[in-house]
Amino acid sequence: MDAYDVVNALLGVLYILLSLVLARYAARVGRSFPWFALLVILFFARGVDRVYAAFGDEQRLGILVDGILIAVLVALILGIDRTATALRAAHDEAAVREEEYRRALTDYRRLARHRLANPLAAIRGSIVTLRDVPELDAEERRQLLDALESEAIRLEKIALDPEVIGPEERGLDPRPKL
């Protein structure tokens, strides 16, 4: 085995490994991008050809592999327009999804701010009043404590049951529509 055979064997193994890696992805996206399977076949056939050339008679298998390679290359050339169209469609769909997630995130932030602002302000205001106004009578103190409890319950419901939607929230939709 000379240096050329070693290089052929190494290239053949690398082609085969590449085809196996591509096969994993082809299984996931096969329907959307059928040309992926053709690339798997192309690299696998080229790898087998290189390994066979390193260890065997190049001519017998070489013609068969060349025939497979020619068929795959012709199929890739003929399908390039369809492939480009599929790739553009996938890119456009990704852009639409990205925009929809951005819109949903914006609505979610508005919704969260709207729902949390009033209870938090009421709780903070009641605490500050209880702490800073010592001359409160028992009735005023009870009202502030009732307001604290009421707003804490409201905040708890908002945190645990975000489905409640008031009339001022009708235009917001915090979920992406895909």
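Mentor: A residue counts as buried when its relative accessible area is under 20%, as exposed when that area is over 50%, and as partly exposed in between. Please keep in mind throughout that what we are reading is a predicted model.

Trainee: With that cut-off, which residues of α1 are buried, and what covers them?

Mentor: In helix α1, which runs over residues 3-29, the buried positions are Asp5, Asn8, Ala9, Gly12, Ser19, Leu22 and Ala26, and helix α2 is among the elements that cover them. An α-helix has 3.6 residues a turn, so residues three or four places apart point the same way.

Trainee: How many helices and strands does the protein have, and what part of the protein is buried?

Mentor: There are five helices and zero strands, which gives the pattern α-α-α-α-α when one reads along the sequence. Of the 178 residues in the protein, 25% are buried. As for contacts with a separation of 6 or more, 73% of them are between residues 24 or more positions apart.

Trainee: How should I describe the way in which α1 and α2 pack, and at what angle do their axes cross?

Mentor: Two packed helices are described by the angle between their axes and the distance between the axes. For α1 and α2 the axes come within 7 Å and cross at roughly 160 degrees; because angles over 145 degrees count as roughly antiparallel, that makes α1 roughly antiparallel to α2. The crossing of this pair is left-handed. In α2 itself, the buried residues include Trp35, Phe36, Leu39, Val40 and Leu42, together with Asp49 and Arg50.

Trainee: What span should I expect for α4, and where does a kink lie in that helix?

Mentor: At 1.5 Å a residue, the 53 residues of α4, numbered 80-132, should span 78 Å, and the C-alpha atoms at its ends are 75 Å apart, which agrees. A kink of about 30 degrees lies at Ala117, shortly before the proline Pro119. Pro119 is also one of the buried residues of α4, as are Leu111, Arg115 and Ile123, and what covers the buried residues of α4 includes α2 and α5.

Trainee: How do the axes of α4 and α5 lie, and which residues of the two helices meet?

Mentor: Their axes come within 9 Å and cross at roughly 155 degrees, and the two helices are therefore roughly antiparallel to each other, with a left-handed crossing. On the α4 side the residues that take part include Arg115, Leu116, Pro119, Ile123 and Leu130, while the α5 side contributes, among others, Arg141, Leu144, Leu148, Glu151 and Ile158.

Trainee: What does Ala84 count as, and what distance separates the C-alpha atoms of Ala84 and Phe33?

Mentor: Ala84, whose place is in α4, counts as partly exposed because its relative accessibility is 29%. Ala84 and Phe33 are 51 residues apart along the chain, and their C-alpha atoms are separated by 9.9 Å.

Notes. Residues numbered from 1 in each chain as written. Predicted model: local features only at pLDDT ≥ 70, side-chain atom pairs only at ≥ 80, totals over all residues. Heavy atoms only, no water. Helix = DSSP H or I, 4+ residues; strand = E, 2+ residues; numbered from the N terminus. Expected span 1.5 Å × (residues − 1). Bend = angle between axes of the 7 residues up to and from the residue. Buried < 20%, exposed > 50% of the residue type's maximum accessible area, 1.4 Å probe, protein only. Contact = heavy atoms within 4.5 Å. Axes fitted to C-alpha atoms, helices over the stretch in contact; angles between N-to-C directions. Parallel < 35°, antiparallel > 145°, perpendicular 65-115°, else oblique. Left-handed = near helix turned anticlockwise from the far one by under 90°.
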